[in-house]
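Student: I have a model open in my viewer and would like to learn how to read it. Could you walk me through it, one feature at a time?

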Amino acid sequence: MFFGLSEEQEQFQDYVKKFLADNVTVNEIRKIANGEDEALAKEIYSGLINLGINALLVPEEHGGLGADLLSAVAVAQGLGSGVGPIPFAGAYVMAPIAINLAGSDEQKGKYLPQIVSNETKFGVGLSEYVAAREDAGIDLSAGKANGKALFVIDGDEADYFLLANKGGVLFLVDAKDKGIEITKLTSVDKTRSYLELNLKNVSAEILPESESNPEIAKKVLDAGRIIFAADSLGASESMIEKAVSYAKERKQFNRVIGSFQAVKHMCAEMASDLEPCYAMLWQAAHSFDHEPDEARLQACQAKSHISEVAKMVSKKATEVHGGMGFTDLLGLHYWFKRIGLNRQLLGGPELIREEAAEIQGFNQ
Amino acid sequence: MDLNYGAEYEDFRKDVQAFCKEYQGISFKSESNDNNMSDALNGSSAAKKSKKEVTRSEWQQILIEKGYIARAIPKEYGGYGGETDIIKSRIIATEFSKAKVPGGMGGQGIDMLVPTLLEWGSEEQKQKYIRPTLHGEMIWCQGYSEPNAGSDLASLQTKGELIDGNWVINGQKIWTSTAQYSQMMFCLVRTEPQAPKHSGISFILIPMDTPGIEIRPLVDMTLKAGFNEVFFDDVTVPEENIVAKRGEGWSVANSVLGHERGSLADPNATMNRLNTLINMMKEQTIDGRRLIDIPSYRDRLMQVQGKVMASQAHSLRLLSSKINPGQNVKLGGMIQKLVGTELRHELEGLAIDVLGEIGTLYEDSPYLKEDGSFQFTYMYFLGLIIGGGTNQIQKNIISERGLGMPKEPKVTEAS
């Protein structure tokens, strides 16, 4: 019996953390967030792709690493801890899982190797499948997609978009299709892209298994939620480390502020609420691949619970930094905002808890 | 990640399951309402009307013979004489909890004194005290806290002087649970008044029928589980009743304090209480509507469930770190008392809120649900949040030892 990340998974996470620590300081994050240095953004992106994070979830028969979701979670924790400004949850987790579970043999043979080579990039828009805002939503009939998809993730340089209709039918559209109008949305978190798509008679390439099996869309959703939870957990871990080390240096009243119980107790509260989240997250990822009966509930609860803890951490860690925590100069807000966006993506805590209740048959 | 324990352990699990099936529904002779409440605390419940009746100490004997309790305690001291096996312990705890079969007796003697004596006691002390304690024939109370020595326990002032081969003890202890039923007390006494405060304390065993001991009940807010104050007036016990050497009492006491903290909020018990709450919310109604169908109640239930699931998973990770040397769990063990007691308090409080006015009923009132155990446990866990090292002290420990933050500077006495 062993409960935790394997040595390999920890190592992979360390590579990601080390790459970000060495190459992406707050100054770089700021430049990328402000869109001031596209060459730098590309360099960081390709540095992380060189580590192989795109190939993780692609099966070996299609040239990928054939890893399980827990390995992707290990990476996502690393990306969250350094607010890695690259696509991941959609492009390299939800897209390969969707294509692998719902695609025809031909589609798998075509797209999965292209994910490994990173020749083809996927943006993902499942927001309307979860909860449609602003009357958005996509109609699918006779192979054509019409409507609006909001809050599409990982789509900045996408060649295709993975979308779904309300019934959970998954399909791909070509980003170059003349019927697609792409608008950038601006969120508080500028480390990741956020798009609106308006579709008029766009050719939809349906992933056929998702038509007969509505569970597949839920599975893709679970994976995305677990990855956002992992990202928030990594970001929270980092915020606590920053708060603790700031509190050990900053002096007031001739003492380091970390010697005041008011400050120490905030740090202890953050750390002790976050600590059980590691196990919860890893168990959810493990169940995703190996314990199907538990998987849906655990994915929902991990996303909602970790989102709540991360929100608390993002607030308290900022407070420990005092006025500096509030400044752009320190850049702590990139972590705060990352956690804020993760919380809402693919369903905020209240919506997901309602789903968790439904899974257990509580709300009849 | 590998959540399998392996074939050997799955066989062991089957044995335990068979045992639980055989004894499902047993009850204890002379059961009182107090025992129902203690079942609520640990999330188990012996059936109230049952043909299988045993005494607590008979049950204790059965469990020792199977090796389900006192597993690693040598046979010569009355234990099972096996090896420590935390996976087996986990399986036993989980299966007993699932089947709602009552576990062995707990209490200060079994949980704290026995491990202390095994580590620090003389051979005579082990021979004399461990067996009757394990079998429930010798009940112990703990004499640590004093009116002026709470969180700052090491400032305790109960005095012990060695006079003519006897310890003569004077002073007062407080928060002493079960003092009125106990045959013995293990007590921290200041025997070296000249030494620095932590090294002037000795660990002394005191028979409770010694002349000069006065016990005054100190009723807590539940009006059920009782504390006491214990007064010592020239209480005289033989010199050999000291455990370890003079002045080593602080180290002796600390070696098992961590054990107590971990045991205050067992995740199996919390899971059972969550299930009790869920069932209750499906059965009880407001205006004919099930409580669980009311969205705000349901959302709070789901929030608590998330926390319970996190702490269950966390306990698996802690287990794993004990059997896989080198696995780093960082703050893993340190947070258990803080997180576990707060969670139980929240869970029981939710049950009261969804029951509304019914949730305030107590003792023998009509309309009581679950014997009033939600109210009792809600209050009792407030006691545990304060006791066993307050949760504020826990936060000091977590921030100082876990996060490496500096201690509060010593303040010189204000004049």
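Tutor: Gladly. This is a predicted model, and we can start with a single residue. B:Asp371 is partly exposed, because it has 17 other C-beta atoms within 10 Å, and a residue counts as buried only if it has 20 or more.

Student: What is the phi of B:Asp371?

Tutor: Its phi is positive, about 60 degrees, although B:Asp371 is not a glycine. You will find B:Asp371 in the loop between H10 and helix H11 (373-386) of chain B.

Student: Is A:Val83 buried or exposed?

Tutor: Counting neighbours answers that. A:Val83 has 26 other C-beta atoms within 10 Å, so it is buried.

Student: Let me try a helix next. How do I check the span of H8 of chain B?

Tutor: Compare the expected span with the distance between the two ends. Helix H8 (residues 267-283) of chain B has 17 residues, so at 1.5 Å a residue it should span 24 Å; its end C-alpha atoms are 24 Å apart, which agrees.

Student: Which residues of H8(B) are buried?

Tutor: Among them are B:Pro267, B:Asn268, B:Ala269, B:Thr270, B:Leu274, B:Leu277 and B:Met281. The cover over the buried residues of H8(B) includes helix H4 (86-99), H9 and H10 of chain B.

Student: How many residues of H10(B) are buried?

Tutor: H10(B) is mostly covered, with 17 of its 20 residues buried. From first C-alpha to last, H10(B) reaches 29 Å, close to the 28 Å expected at 1.5 Å a residue.

Student: Now a whole chain. What does chain A contain in helices and strands?

Tutor: Chain A has 14 helices and 10 strands. Its C-alpha trace spans about 75 × 50 × 40 Å along the principal axes.

Student: Why does the radius of gyration of chain A agree with a compact globule?

Tutor: The idea is to compare the chain with a globule of its length. For 364 residues, a compact globule would have a radius of gyration near 21 Å, and chain A has 20 Å, so the two agree. Buried residues make up 55% of chain A. As for contacts in chain A between residues at least 6 apart in sequence, 74% join residues at least 24 apart.

Student: How many residues are in the largest nonpolar core?

Tutor: That core has 163 residues, and those with the most contacts inside it include A:Val73, A:Leu162, A:Ile226 and A:Leu281. Helix H9 (residues 215-249) of chain A gives the largest share of this core, 18 residues. To see the packing around one member, select A:Leu281: leaving aside neighbours within four places in sequence, A:Leu281 is in contact with A:Val73, A:Ala229, A:Ala230, A:Leu233, A:Ala302 and A:Ile306. A second, separate core has 50 residues and includes B:Trp59, B:Leu63, B:Met112 and B:Leu117.

Student: Where are the domains of chain A?

Tutor: The domain assignment gives domain 1 (7-117), domain 2 (122-211) and domain 3 (215-359). The C-alpha centres of domain 1 and domain 3 of chain A lie 20 Å apart. Their contact takes 23 residues from domain 1 and 26 residues from domain 3 of chain A. On the domain 1 side, H4(A) gives the largest share, 10 residues. By class, that side has 17 nonpolar, four polar and two charged residues.

Student: And how is chain B divided?

Tutor: Chain B has domain 1 (7-105), domain 2 (140-248) and domain 3 (264-402). The C-alpha centres of domain 1 and domain 2 of chain B are 32 Å apart.

Student: How many residues does each chain give to the contact between chains A and B?

Tutor: The contact takes 43 residues from chain B and 40 residues from chain A. On the side of chain B that touches chain A, helix H9 (295-323), helix H10 (336-355) and helix H12 (391-402) of chain B each give two or more residues. H9(B) provides the largest share of that side, 16 residues. By class, the side of chain B has 20 nonpolar, 13 polar and 10 charged residues.

Methods:
Residues numbered from 1 in each chain as written. Chains lettered and ligands numbered in written order. Predicted model: local features only at pLDDT ≥ 70, side-chain atom pairs only at ≥ 80, totals over all residues. Contact = placed C-beta atoms within 7 Å. Helix = DSSP H or I, 4+ residues; strand = E, 2+ residues; numbered from the N terminus. Nonpolar A, V, L, I, M, F, W, Y, C, P; charged D, E, K, R; others polar. Core = buried A, V, L, I, M, F, W, Y, C linked by C-beta atoms within 7 Å. Buried ≥ 20, exposed ≤ 12 C-beta atoms within 10 Å, placed from the backbone. Expected span 1.5 Å × (residues − 1). Domains from an automatic or database assignment. Rg over C-alpha atoms; globule rule 2.2 N^0.38 Å.
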